[in-house]
Amino acid sequence: MRRFTAVGAVVTLVDIAVVLALRGVFGLPVIAADAIAIAAAAALSFSLRRLDQPGPYLRATFAAGLLDIVVLRVGVEALPLLPAKLIALSAAALVRLLLYRGLSRPQIRTHQALRTDRPPPPGDVRFSVVVPAYKEGPRIAGTVARLRDALEGIETEIVVVDDGSGDSTADAARAAGADQVVVQPVNKGKGAAVRAGVLAARGRTIAFTDADLAYPPAQLARLLHEAEAGWDMVVGSRRHVDTTTLVRARRVRELSGRLFNLFTLIALLGQYRDTQCGLKAFRSDAARRLFGAARVDGFAFDVELFHLAERYRLSLEEVPVELANTETSTVRVGVDAVRMVRDLIRIRALASSGSYDEHRR
């Protein structure tokens, strides 16, 4: 985050300093001074940032630069140079962001839609299902039993991750016959729990679902089939046209989910119907790539997975789900919404700093 902020600040200061110097000291016309300042700032920005899509970035920067020049030229008729330049910078920054994402989106989604036929991924069992659990002692046994029944006939490993519950969750999961029970010493968050479970799983396909089974578990077989058909990442979507909702969530929770989906534009180039569905599956090789790089411990970890899938050019399929909402979720809408937005900004900062680059790990 510090590097991300520092790069933005340095580039902006260079832009402002150059235009002020060229105009005030050397007396260049406003348009010429601003054009040179923008070019210098853009070159510096491009050299300091590690860009997933340099082509769209350069085209968006060029268009935003033209807007900067026009706004500044008009602004100096009524304002001193510095405030006029700040207004021009703000307008250009917004346009650059929107254009960059608009130009990048078709490339991202086209590549994600390319499923390839490949040999089966590594793994000792056919299917692993990871269940993150926090203070789920009273119902985790029922969760394990329902998963067994729904996936009968499929070689399945059930991995329960006790996320520092401090209750009987781990013991109840073992007694219920979970194949692995991973215990986090302290509560770290859903993202950390899923990551620990995925990295411990032995399946050739690895999925995760919530302990409350808000998504009836028979649907996991469909995700398994799609992953075995060659998709790197298969994600459930509550916004898919074929999704069935058996019991609706509270209105405030539905609204917060839709608003959060808009905020994901901070971190994602592609446009997805639903990033937060708690039902996802992966080829094991793709899962280890994604979760080996992931850093976010909270609920925004799903968005991080989408970002990494974009970055690593993995194929992705969205599938409809059957949803039976539950009112016993541990999600706190207000508090977790703030944390999610904070994590989205962190994902963008990690991406810009090169922290997700595979050659650096």
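A salt bridge, as I use the term here, is a side-chain nitrogen of Lys or Arg within 4 Å of a carboxyl oxygen of Asp or Glu. With that in hand I noted that Asp15, Asp34, Asp68 and Lys85 are linked in a network of such bridges. I keep in mind throughout that this is a predicted model.

**Entry 1: salt bridges**

I searched the whole structure and found 18 salt bridges, of which I looked up a few pairs individually.

I began with Arg73 and Glu77, whose side chains meet with an N to O distance of 2.4 Å. Arg73 is partly exposed at a relative accessible area of 36%, whereas Glu77 is exposed at 58%.

I then turned to Asp232 and Arg118, which form a salt bridge whose closest N and O atoms are 2.4 Å apart. This pair links distant parts of the chain, since Asp232 lies in the loop between α8 (220–228) and β5 while Arg118 lies in the loop between α4 (81–112) and β1, 114 residues away. Asp232 has a relative accessible area of 6% and falls under the 20% limit, so I recorded this residue as buried.

The last pair I checked was Asp343 with Arg342, where the side chains meet in a salt bridge at 3.6 Å, N to O.

**Entry 2: strand β4**

I asked myself how many of the six residues of strand β4 (residues 203–208) are buried. The count is five, so the strand is largely enclosed by the rest of the structure.

I followed the pairing of β4 next. With strand β1 (residues 125–133) the strand pairs in the parallel sense over five bridges, and within this pairing Ser128 stands opposite Ile206. With strand β7 (residues 280–283) β4 runs antiparallel, joined by four bridges, and there I found Ala207 opposite Ala281.

**Entry 3: nonpolar cores**

The largest nonpolar core has 40 residues, and those with the most contacts inside it are Phe208, Met233, Phe282, Leu290, Phe291 and Leu305. The elements that give two or more residues to this core are β2 (156–163), α7 (190–200), β4, β5 (233–237), α10 (284–293), α11 (301–311) and α12 (333–353). The largest share, six residues, comes from α11.

I listed the surroundings of Met233, leaving aside neighbours within four places in sequence, and found this residue in contact with Lys280, Ala281, Phe282, Leu290, Leu305, Phe306, Ala309, Ser315, Leu316 and Glu317. I also noted a second, separate core of 31 residues, which includes Ala173, Ala214, Tyr215 and Cys277. As background I wrote down that, in soluble globular proteins, nonpolar side chains tend to be buried together.

**Entry 4: helix α5**

I asked which residues of helix α5 (residues 140–150) are buried. They are Ile140, Thr143, Val144 and Leu147. These residues cover an arc of only 95 degrees around the axis, which puts them on the same side of α5. The general rule I set beside this is that an α-helix has 3.6 residues a turn, so residues three or four places apart point the same way. Finally I looked up what the buried residues of α5 pack against, and recorded β1, β2, α6 (169–175) and α8.

Definitions and conventions:
Residues are numbered from 1 along each chain as its sequence is written. This is a predicted model: local features need pLDDT of at least 70, side-chain atom pairs count only at pLDDT 80 or more; totals for chains, interfaces and linings use all residues. Side-chain values use heavy atoms; hydrogens and water are left out. Buried means under 20% relative accessible area, exposed over 50%, partly exposed in between (1.4 Å probe, protein chains only). Two strands pair if DSSP finds at least two bridges between them. A nonpolar core is a set of buried Ala, Val, Leu, Ile, Met, Phe, Trp, Tyr and Cys residues joined through side-chain atoms within 4.5 Å. Contact means heavy atoms within 4.5 Å. The arc is that of the directions from the helix axis to the C-beta atoms.
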